[in-house]
Amino acid sequence: MVEKSFIIGIILIFAAGTAVAQDILTLDRAIEIGLSNNYGINIAKNSQKIAVNNATPGNAGMLPKIDVNAGYGYGIRNAYVTNVSGLELKDPDANSTLAVAGINLNWTLFDGLRMFIAYDKLKKLEEIGDLNVKISVENTLAGIMISYYDIIRQQKQTAIMNEQVGISQFRLDLAKLKYETGSGSELEFLKAKVELNADIANLSSQKTVSVNSLATLNELMAREVTLQFDVRDTILLNYQLNYDSLRAGMKAANRNLLLYNRNMEMSGLNMKSARAVQWPVIGMTTGVNYMNSQTEASITNYNRNFGAVIGVTAYMNIFNGLNLQREYRNAKISYASSELEIKQYENKLDAYLLKIYNEYINQLELVTFEQQNVDLARKNMEIAKESFEVGSISSLQLREIQRNLLYSDTRLVEAEFRTKLTETALLLLSGKLLK
């Protein structure tokens, strides 16, 4: 009965993962869902829309401002008026009305090119917003890919643990048979039971890890985390990545490096803006105004004006405590710091790329090596099972060979997964991931 309970436990564990056939979620489909739904990407896109809306000539001050005004007033006054000729007006209930209307245009014609610099800044902010969207997309894409490969890794590890349970069950069955026929000891029989129980517990823990990995991918795709699905069971490795090509791509298309360059360009515009403040501001104003005034509280009881006006304004700061010069010097220093930050970041990227590429080459070699080890360990396991059946090796020796197979299988899965991690990191660094 005890052995049957072990077998039933194994069946229940297997059935929990296979009772319901799930839809296959391909990596392309996972990426499509994630890029459409991911909250971080959509937030970045909204910020980009704001930057696009702001990048207009009007927001930079390049276009005229037109104002329309109108008003009407009515009042009752206690009026007493005299003029130089001696005329006198007294009226305790003098009525008066005032109607005004006008349209006015104000246009800055020259401000030291500040309006053009402001427009360039707005366009640069638009470019920065676009880069932030692409960075968010790339990071989400990399996260989805890694999460997808992790699911494959966990499912492969689950299959490995399943096989281990099967081998342990095989060992227990033979140990039981030998014990019952008197050719084996109770100690070997009980030891086989304990180790099968340990393998079943490990399998159960591994299945939990595998199920949780599905929730991680669902979270990245911004969909219900309890949704169940299956994935492709193979990790395809890219053996064609070339260091020189990756480095050239990184210099030209790494989004974070491009962002550093845009920030440096913004610092350059800030320096130009600080210099432009020292120039005069020349503007034009024009308009048409109407006024109609009627009152019983004045010697002149009716007054109407209507006509156009045009004028030119000029303004220039002569001295403000040398702050203009200070602001320009600070802007110049900020620009120099931006240049240094780019060089520092490029150096950091170069070092990171070289390290990741070396890891990538090493992992490719390990995959080949571990695949050979797995083939040998599997062949050794088949021979060991046959030898154990005829009593040529002990259960301890069988367990050791079983562990060697477990370790070989696990190392191969880990090498394949780490290869995909380094491959994804290289594509992300070189700006090739979106392609």
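Predicted model: local features only at pLDDT ≥ 70, side-chain atom pairs only at ≥ 80, totals over all residues.

What follows is a short chat about salt bridges and a surface patch.

Q: How many salt bridges?
A: The count is 24. The rule is a side-chain nitrogen of Lys or Arg within 4 Å of a carboxyl oxygen of Asp or Glu.

Q: What does Asp-350 pair with?
A: Lys-251, at 3.1 Å, N to O. The pair links distant parts of the chain, 99 residues apart: Asp-350 sits in helix H8 and Lys-251 in helix H6. Helices here are DSSP runs (H or I, at least four residues), numbered from the N terminus.

Q: Is Asp-350 buried or exposed?
A: Asp-350 counts as buried because its relative accessibility is 18%. The cut-offs are under 20% for buried, over 50% for exposed, partly exposed in between (1.4 Å probe, protein chains only).

Q: And Lys-251?
A: Partly exposed, at 32%.

Q: What about Lys-134?
A: Lys-134 bridges to Asp-130, with the closest N and O atoms 3.4 Å apart. Both lie in helix H4, 4 residues apart, about one turn of the helix.

Q: Which residues form a salt-bridge network?
A: Arg-171, Lys-191, Glu-195, Asp-199 and Arg-399.

Q: New topic. Which residues make the nonpolar surface patch?
A: Ile-66, Val-68, Ile-103, Val-288 and Phe-306, over about 500 Å². Patch members have over 30% relative accessible area and no salt bridge, with nonpolar side chains (Val, Leu, Ile, Met, Phe, Trp, Tyr) joined within 5 Å and like charges within 9 Å. Areas come from the Shrake-Rupley method with a 1.4 Å probe; for residues, only the protein chains shown count as cover.

Note on methods. Residues numbered from 1 in each chain as written. Heavy atoms only, no water. Helix = DSSP H or I, 4+ residues; strand = E, 2+ residues; numbered from the N terminus.
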